[in-house]
Amino acid sequence: MNETNTDVIQGTLDMLILKTLSLEPMHGFGIARRIEQTTQNVFKVNPGSLLTALQRLERNGWLNAEWRVTENSRRAKIYRLTPTGKKQLENETTDWQRRTAAISRLLKAEA
Amino acid sequence: MAVLQQLLHGFRNLARRQHADKNVADEIDSFFAEAKAELEARGLPPEDAARAARIRLGSATALHEQVRSYGWENIVSGIFQEVRYTLRRLRATPGFTVVSVATLALGLGATSAIFSVINGVLLKPLPYVHPEQLVALWMTAPGVKIPNLNMAPSVYFTMADEKRAFQAVCMWTSGSTSVTGRGQPEQTPAVYATHELLPILGVTPQIGRLFAAADDNPKSERTVMLSDGYWRSHFGGNPSVLGQRILLDGNAHSIVGVLPPSFEFMDRNLDLLIPLRLERAKTYLGRFSYSGVGRLKPGITVKQADADLGRMLPIVMQRFPAPPGFTVKMFESARIAPNLRPLKDDLIGDIGNTLWVLMATVGIVLLIACANVANLLLVRADGRQQELAIRTALGASWTRIARELLLESVTLGVVAGAAGLGLSWGAVKLLSASDLVHLPRAHNIHIDVWVVLFTLVTSVGFSAFFGLIPVLRYARPQIANALHSGGRSMSHSKDRHRVRNLLVVAQVALALILLVTSGLMIRTFRNLRHVDPGFTNPHEIQTVRIGIPDEQVKEPERVMHMEQAMLDKIAAINGVQSVSITTAVPMGGEESNDPIYAEDKTYREGTIPPLRRYKWVAPGYFATMGQRMVAGRNLTRAELFNSSSVALISENTAREMWGSPAAAIGKRIRSSVKDDWRQVIGVVADEHIDGVDKDAPTLVYWPLLQKNFDGDKVTVQRYVSFVIRTPRAGSPSLENEMRNAIWSIDPNLPLARVDTLETLYDRSLARTSFTLILLAIAGGMALLLGIVGIYGVISYSVSQRTREIGIRLALGAPLTNVTRLFVHNGLLLSAIGCACGLAAALVLTRWMRSLLFSVSPADPLTYFAMSAALILAAALASYLPARKATQVDPVQALRAE
């Protein structure tokens with residue numbers, strides 16, 4: 001495994017999960033793998049954090065979960081984004097962009 | 001929305017714990033399977049893939065724990081688990097649990113019961129709108145030494161005209177009226193009030209109309225309002241009663257309304273509400289014999305209203321004339337001033353002090369109970385010391401152990417609180433079932449939300465408090481060193497016993513306070529029983545009250561003859577030794593005060609001589625009551641029927657006016673300056689007519705039939721009580737024969753207040769007996785708990801020092817020395833406790849001064865006797881376990897442990 005990959009930035013895991021699920025419904029491992037792949041292994045998703053986050057998001061009504069049989073005939077809990085989850089993702093995305101923009105402006109100014 | 005979902009999920013998981021667990025496990029399995037499948041797809045052999053996937057997941061158990069611990073329900077179920085564990089531990093030691101729960105339940109139950117009384121009587125607001133605006137209209141007249149002066153018509157009329165600080169005022173009085181023309185005549189309790197009463201209280205009749213000003217006018221038609229209970233029992237709840245007429249004291253009254261079922265007023269037993277009809281044109285100053293109630297304007301304080309009434313009182317003197325024989329100046333010399341008080345205070349009276357003393361008492365019992373349980377908990381924690389030390393060594397945080405110990409005591413407290421609530425429920429039932437105590441607002445005493453809340457808070461509060469004692473002792477961070485002190489405890493250091501000793505000292509001190517208070521009550525009760533009330537053998541005296549209203553028999557002489565005829569009929573009843581008549585039976589509540597002028601005294605112009613209690617009697621009254629004749633002679637029948645100008649006075653009146661009973665004989669007195677002079681023919685022993693705990697008032701006894709008295713040509717007393725001395729007093733058969741005797745003269749007379757004098761006597765002692773009983777129970781409980789505490793500490797110390805005793809005995813110490821060692825210890829503790837208790841009692845008992853009767857709160861005898869009793873009990877409590885020490889076999893003791 002790559003030495004440079006790190007744990008997900010504190011507080012962003014929810015947003016990453018929501019974003020990942022906005023592409024298509026997925027099971028837990030699928031989400032972890034997708035995040036790692038898309039970020040080119042910059043982020044490493046801890047299974048404990050992931051599964052706890054999924055529970056939390058489900059309870060907040062942003063995800064629906066359902067046990068289903070996957071294409072390779074294994075049972076898996078498939079998560080799907082709900083309309084409120086979609087709205088939440090939009091909110092978090094704008095929020096995040098505002099913050100990163102601010103931070104990069106700050107960093108540029110320092111330089 | 002989110003909160004709701006959180007709750008729903010949580011409950012679902014709580015309800016289906018296993019399902020939720022399996023769900024988590026399944027998901028972890030599926031995660032593992034997917035990870036493995038992916039690695040296999042990348043070309044790893046299955047074993048390597050499985051291992052890599054497992055590494056990726058980390059410890060499956062830890063993962064499972066992490067994921068399933070999410071959610072509030074897990075915190076809740078964690079607490080449940082701890083409580084379950086605590087309960088299991090308590091069940092494992094049933095002896096300890098039962099004793100501590102029972103001890104605490106007694107303390108909590110007593111506290112909760114007294115609180116429910118305080119809550120119902122003192123704390124609950126009156127059941128009217130804006131009850132804080134309601135005031136009782138009282139005045140005071142320092143000029144004639146009357147601290148609480150009632151309302152008078154002249155003051156009422158002036159206040160009703162002026163209003164000022166008041167929205168409205170009402171004058172009322174309670175009494176009874178005879179209802180005739182509907183089957184048997186009945187004496188029915190009634191309140192007579194001016195028309196403002198119901199509007200002031202904010203009450204509207206359930207049917208019919210309110211009284212109007214016209215109803216108070218003596219010239220208008222007489223009207224009446226029924227209580228809900230009377231309406232249902234006498235008219236079947238029929239709404240057509242409106243407009244019907246009933247005969248009250250022989251006069252037809254038209255029914256205008258029915259009061260609502262919830263109506264209550266000043267604890268008066270009220271079946272009828274009748275307008276108080278006063279003729280304004282004939283109103284004089286004086287007749288201060290009514291009660292008053294007023295509603296203040298919003299925002300006005302009682303103090304402001306007081307000042308306002310103070311400005312109105314001089315107007316009263318200008319607007320109304322003095323009655324015949326008096327001058328306005330005389331009234332001014334009485335220096336009448338306002339003395340308003342909130343209506344609730346007036347209703348409650350002085351019971352508040354008694355109740356708070358009782359509350360303090362049960363609070364002390366509760367503290368003692370807590371000390372006992374704290375002691376037990378200490379012993380228990382002592383036994384667990386090694387376990388706790390090992391757990392600390394294995395990494396249990398001390399906060400966790402502290403939580404466990406606290407949870408144990410709080411669980412005990414809550415269980416005991418529930419049991420105590422049950423006890424208190426029973427006690428309140430018992431209290432309301434017995435009419436031993438005449439508490440104001442007694443119908444308000446229930447176990448309600450506040451009582452439950454109070455019990456819960458006290459249970460948790462007190463149990464957390466005493467639970468902290470072992471926590472501070474054993475759950476401190478430095479506990480680890482207890483490990484190496486090992487089991488071979490040598491003689492314990494003083495420090496280990498200090499907390500326990502302190503608890504025993506506190507218990508003894510608290511117990512002594514309670515013993516002293518109950519001792520003072522016992523002395524009070526004895527002193528009261530020793531007061532000569534002015535009668536003998538009250539259980540042999542039957543009383544019954546009748547009234548012959550004006551409307552029924554007009555001529556005073558005829559009334560007197562009727563009363564005499566009844567007297568003769570009753571005297572003929574089998575077993576009656578003697579019978580007579582009076583207007584005021586001792587402790588019966590009738591009261592009439594007026595000034596007395598003596599012929600040989602001079603009175604300064606415009607002043608009123610001291611007021612005396614008036615009472616009217618028939619011949620033979622004093623003999624029937626067993627009231628001693630001090631000087632002179634009794635009234636004769638001839639003097640009564642000739643309306644002779646004679647009177648008798650009580651010994652204290654004679655001493656106050658002429659120095660000695662003998663000197664009073666032959667002196668002449670009268671009630672007003674227009675009356676005939678009346679000769680004092682006899683002086684009788686003092687009579688504690690208001691109750692044995694009250695001073696005997698200075699009394700004047702007049703014959704029932706009088707000429708030229710108080711401005712009237714001929715007067716007769718129409719409302720009188722028969723007093724009958726007979727061994728049959730109190731029996732239903734006697735009551736029947738009395739009724740027949742009275743009805744043979746007039747079948748329209750209802751009989752009221754059929755009682756033995758003993759009932760009245762006991763009732764006058766009721767509050768003292770009630771306080772005494774409760775204090776004695778509390779004192780007994782305190783003594784018992786205190787002794788158990790000493791016994792426990794000494795036996796524990798004996799059991800802990802077996803080894804030392806063994807060594808002492810082996811070295812040849814005499815048995816008595818060993819016994820003395822422990823008894824000495826117990827006595828020392830109780831002596832220190834006694835000293836503290838005595839000091840505390842000296843300070844605290846000052847608050848119960850008003851409950852005591854001719855005994856000082858610092859009564860040395862009580863203090864001495866109670867300390868001696870306590871020390872004696874303590875000596876016994878330490879001797880019993882100490883004797884066990886002497887049965888120690890030295891060889892066994894040294895081998896033990």
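**View 1. A salt bridge between Arg753(B) and Glu590(B).** Arg753(B) has a relative accessibility of 45% and therefore counts as partly exposed; the cut-offs are under 20% relative accessible area for buried, over 50% for exposed and in between for partly exposed (1.4 Å probe, protein chains only). This is a predicted model, in which local features need pLDDT of at least 70 and side-chain atom pairs pLDDT 80 or more, whereas totals for chains, interfaces and linings use all residues. Residues are numbered from 1 along each chain as its sequence is written, chains are lettered from A and ligands numbered from 1 in the order in which they are written, and side-chain values use heavy atoms, without hydrogens and water. The side chain of Arg753(B) meets that of Glu590(B) in a salt bridge of 2.5 Å, N to O (a side-chain nitrogen of Lys or Arg within 4 Å of a carboxyl oxygen of Asp or Glu). The pair links distant parts of the chain, 163 residues apart: Arg753(B) is in strand β27 (residues 752–756) of chain B, and Glu590(B) is in the loop between β15 (578–582) and β16 (593–595) of chain B. Helices (H or I, at least four residues) and strands (E, at least two) are DSSP runs, numbered from the N terminus. Glu590(B) is buried, because its relative accessible area is 16%.

View 2. Arg808(B) counts as partly exposed at 36% relative accessibility, whereas Glu804(B) counts as buried at 13%. Salt bridges that share partners also join Arg89(B), Arg380(B), Arg384(B), Glu387(B), Arg391(B), Glu404(B) and Glu408(B) into one network.

**View 3. A salt bridge between Arg558(B) and Glu555(B).** The closest N and O atoms of this pair are 3.5 Å apart. Arg558(B) is partly exposed, with a relative accessible area of 46%. Glu555(B) is partly exposed as well, with 38%. Over all chains, the structure holds 53 salt bridges.

**View 4. A nonpolar surface patch on chain B.** Tyr791(B), Leu876(B), Tyr879(B) and Leu880(B) make a patch of about 370 Å². Patch residues have over 30% relative accessible area and no salt bridge; like charges are joined within 9 Å and nonpolar side chains (Val, Leu, Ile, Met, Phe, Trp, Tyr) within 5 Å. Helix α29 (residues 860–886) of chain B gives the largest share of the patch, 3 residues. Tyr879(B) is found in helix α29 of chain B and counts as partly exposed at 37% relative accessibility.

**View 5. Helices α1 and α3 of chain A.** The axes of α1 (residues 13–23) and α3 (residues 47–59) of chain A come within 10 Å and cross at roughly 75 degrees. Therefore α1(A) is roughly perpendicular to α3(A) (65 to 115 degrees; under 35 is roughly parallel, over 145 roughly antiparallel and the rest oblique). Axes are lines fitted to C-alpha atoms, for helices over the stretch in contact, with angles from 0 to 180 degrees between N-to-C directions. Leu13(A), Asp14(A), Ile17(A) and Leu18(A) in α1(A) are in contact (heavy atoms within 4.5 Å) with α3(A) residues, including Leu50(A), Ala53(A) and Leu57(A). Chain A has 4 helices and 5 strands, and 42% of its 111 residues count as buried.

Key. Accessible areas come from the Shrake-Rupley method with a 1.4 Å probe; for residues, only the protein chains shown count as cover.
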